[in-house]
Structures are given as C-alpha cells and as structure tokens.
Amino acid sequence: MSFPSNLDQLGIRKAIEQASKSYSEGGIPIGSVLLHSDGTILGSGHNQRIQKSSATLHGEISALENAGRLKPEVYRSSTIYTTLSPCSMCTGAILLYKIPRVVIGENVNFLGGEDLLKNNGVEVIVLDDEECKNLMRRFIEEKPEEWNEDVGEV
C-alpha cells in the first residue's frame, strides 16, 4: 500500500473536518474538498441535505458549489477528496467537469460509482481511513432513516 502524498493528506484531512462539522450540526457526515494541483483549496463543503432540507446538497456537490464557477482547465488540474465513495449524482458531477482524480476516505459503509469513474479514465484512490469509516458507521447506526433517505433507499 502506498502512503498518500502531502497534498492527499491535506485534502482528506480537510474533507474529514467538513464531515465532522456536518455531524456536529446533526447532518450526514460526508465532507469533500476540491484541491488544485498547486495546493490551493478551491472549495470545500459537507452534506447539508438535513440542515438545509435540500434534495441535492451532498458533500461533493457542496464543495463544487462553494468553489464557484471555474474554467474547465481548473477542474482538469484538480483532485476531489471525499470521505465516502461518491453516489451516482456526485459521480456524475465529477465526470461532467472531467475531474481526473478522486481520493476517497472509505467505501465500506457505501460503495458508489467508483467503477463508472474508473471506466471513464478517472484515477480513483481509496484510503480505507478508519476515522471516515467510524464516523459514517456511527451516523448510520444513530439515524438509519436519514441515511436511507440520503442514498434513496426505503
């Protein structure tokens, strides 16, 4: 197993901070950061579906929204970090903006569109981070209804 680079450590650490913030607000603990290859954080955010009664404000979408309008070449020179494997909606946004690299904290509690990302040439790195797994697991145990709603399950 290779160790994450300094930029990857920064990116996932900031994403975990966002996930923890969401959890402390009563929301789903998924955080995300869009980080340019020069080390600039372009946007960060967390799942706010509960907090804002939003149908679409997942962690990755929140990070992209907070990054604002960017030129295509900026996305293509960036990595998106997410504490949890991206769902089909977030996978679609990553593909739409042609973000070439995704670093995922964990995919044990939920396995999203990783194969679709890989099949479209996106580099996918799963860190199998214990802090990410534990935070998500705790939320799912505490609030299974909210979790099921977030991933479209009954």
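Visitor: In this predicted model, in which helix is L95 found, and does L95 count as buried or partly exposed?
Guide: L95 is found in helix α5. Its relative accessibility is 23%, and buried would require a value under 20%.

Visitor: What is the C-alpha to C-alpha distance between L95 and G121, and which residues does L95 touch?
Guide: L95 and G121 are 26 residues apart in sequence. In space, the C-alpha atoms of L95 and G121 are separated by 9.4 Å. When residues up to four places away in sequence are not counted, the residues that L95 touches are L116, L117, N120 and V122.

Visitor: At roughly what angle do the axes of helix α3 and helix α5 cross?
Guide: Helix α3 covers residues 59-67, and helix α5 covers residues 88-96. Their axes come within 8 Å of each other, and the crossing is at roughly 35°.

Visitor: Which residues of α5 are met by α3, and how many charged residues does the contact of α3 with α5 have?
Guide: On the α3 side the residues are E60, I61 and L64, and on the α5 side they are M89, C90 and A93. By class, this contact of α3 with α5 has five nonpolar residues and no polar ones, and the number of charged residues is one.

Visitor: Which residues in α3 are buried, and what covers them?
Guide: The buried residues in α3 are G59, E60, S62, A63, L64 and A67; among them, E60 and L64 also take part in the meeting with α5. The elements that cover the buried residues of α3 include strands β1 (31-36), β2 (41-46) and β3 (78-84), together with the helices α4 (72-75) and α5.

Visitor: Where does H58 lie, is H58 buried or exposed, and which residues is H58 in contact with?
Guide: H58 has its place in the loop between α2 and α3. Because its relative accessibility is 8%, H58 counts as buried. Leaving aside neighbours within four places in sequence, H58 is in contact with H46, N47, R49, C87, M89, C90 and D150.

Visitor: Is R49 buried or exposed, and which residues does R49 touch?
Guide: R49 lies in helix α2, which spans residues 49-52. Its relative accessibility is 13%, so R49 counts as buried. Not counting residues up to four places away in sequence, R49 touches S54, A55, T56, L57, H58, E149 and D150.

Visitor: Why is α1 roughly parallel to α7, and what is the handedness of their crossing?
Guide: Helix α1 (residues 6-24) and helix α7 (residues 130-142) have axes 11 Å apart and pack at an angle of about 20°. Angles under 35 degrees count as roughly parallel, so α1 is roughly parallel to α7. The crossing in which α1 passes α7 is left-handed.

Visitor: Which residues in α1 and α7 meet, and how many nonpolar residues does the contact have?
Guide: R13, I16, A19, S20 and Y23 in α1 meet E131, C132, L135, R138, F139 and E142 in α7. By class, the contact of α1 with α7 has four charged residues and one polar residue, and the number of nonpolar residues is six.

Visitor: What is the relative accessible area of R137, and what separates its C-alpha atom from that of E149?
Guide: R137 is found in helix α7. Its relative accessible area is 32%, which means that R137 is partly exposed. R137 and E149 are 12 residues apart along the chain, and their C-alpha atoms are separated by 16 Å.

Visitor: Which residues does UniProt list for the CMP/dCMP-type deaminase domain, and how far apart are the end C-alpha atoms of residues 6-124?
Guide: In an unreviewed entry, UniProt lists residues 6-124 for "domain: CMP/dCMP-type deaminase". Over residues 6-124 the chain is 43% helix and 23% strand, and the distance between the end C-alpha atoms is 17 Å.

Definitions and conventions: Residues numbered from 1 in each chain as written. Predicted model: local features only at pLDDT ≥ 70, side-chain atom pairs only at ≥ 80, totals over all residues. Heavy atoms only, no water. Axes fitted to C-alpha atoms, helices over the stretch in contact; angles between N-to-C directions. Helix = DSSP H or I, 4+ residues; strand = E, 2+ residues; numbered from the N terminus. Parallel < 35°, antiparallel > 145°, perpendicular 65-115°, else oblique. Left-handed = near helix turned anticlockwise from the far one by under 90°. Contact = heavy atoms within 4.5 Å. Nonpolar A, V, L, I, M, F, W, Y, C, P; charged D, E, K, R; others polar. UniProt positions renumbered as here; feature names shortened; annotations may be inferred. Buried < 20%, exposed > 50% of the residue type's maximum accessible area, 1.4 Å probe, protein only.
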